[in-house]
Amino acid sequence: MDNVRNFAGVAEEWCSFVDSFQKERPENLYKRLEELLASLHSSILKMEIEYIEEELFFPEVNCQEVGKHIGKAIQSEVDELIQWHAEIQKDVPKPNEEDANRVFMLWDDLSDIYHDLLRGLIMWRRGTSESHAQATWHWRHGYQIHWGEHLFRAMMTVHEARYLLMKN
């Protein structure tokens, strides 16, 4: 249970960080993203998934506004990275657009991670053993089938922003 509590704390930290985008662009944005994404990854791996027999109900969460704020905060680096990828492929007969698409979708990756973690947090905050089990299942299963892919794409793009563009 300590591993689950630890993950819940990291998920709270992630959601608070993403919520801060609504006020202003966070300081040391890419450094902080790199740290938090790594923490999410290392802490989710320590969680065991528990099978839940009863039907799960997770509240819907609208994250469209969050995605818009994220997109606004990262737009300049996204533009720079897309240009960088285009430049290194300018002489390639059939350029690969996957990297540019990945970079363009950073806002979506960060927003989807937020959405999945927040839904689990809502269950976690109910404080019952059943809601904790449901949150644990939601986070771990979601990592395996959905937000884990967003995590790895985001980590790659954040890495490029920090170390190719030298953004903090």
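**Ground rules**

I note that this is a predicted model, in which local features need pLDDT of at least 70, side-chain atom pairs count only at pLDDT 80 or more, and totals for chains, interfaces and linings use all residues. I number residues from 1 along each chain as its sequence is written, and I take side-chain values from heavy atoms, with hydrogens and water left out.

**Whole chain**

I counted 6 helices and 0 strands in the protein chain, where helices (H or I, at least four residues) and strands (E, at least two) are DSSP runs numbered from the N terminus. Along the sequence I read the pattern α-α-α-α-α-α. I then looked up the radius of gyration, which is 17 Å and close to the 15 Å that the globule rule gives for 168 residues, so the chain is as compact as a globular protein of that length; the radius is taken over C-alpha atoms, and the rule is 2.2 Å times the number of residues to the power 0.38. The C-alpha atoms fill a box of roughly 55 × 35 × 25 Å along the principal axes.

I found that 47% of the 168 residues count as buried (buried means under 20% relative accessible area, exposed over 50%, partly exposed in between, with a 1.4 Å probe and protein chains only). Of the contacts (heavy atoms within 4.5 Å) between residues at least 6 apart in sequence, 79% join residues at least 24 apart.

I returned to His-141, which counts as partly exposed at 26% relative accessibility. From His-141 to Ile-49 I find 92 residues in sequence, yet 7.1 Å in space from C-alpha to C-alpha.

I next took Trp-107, which lies in helix H5, residues 106–124, and which counts as partly exposed at 31% relative accessibility. Leaving aside residues up to four places away in sequence, I see Trp-107 touching Gly-67, Ile-70, Gly-71 and Ile-74. Between Trp-107 and Ala-154 there are 47 residues in sequence and 8.7 Å in space, again C-alpha to C-alpha.

**Helix H2**

I checked the length of helix H2 (residues 29–44): at 1.5 Å a residue its 16 residues should span 22 Å, and its end C-alpha atoms are 22 Å apart, which agrees; the expected span is 1.5 Å times one less than the number of residues. I list its buried residues as Leu-29, Tyr-30, Leu-33, Leu-36, Leu-37, Leu-40, His-41, Ser-43 and Ile-44. An α-helix has 3.6 residues a turn, so residues three or four places apart point the same way. What covers the buried residues of H2 includes helix H1 (2–19), helix H3 (64–88), H5 and H6.

**Positive phi**

Asn-28, a residue other than glycine, has a positive phi near 50°; I place Asn-28 in the loop between H1 and H2, where it is partly exposed with a relative accessible area of 39%. Met-166 is not a glycine either, and its phi is positive at about 60°. I find Met-166 in the segment after H6, exposed with a relative accessible area of 63%.
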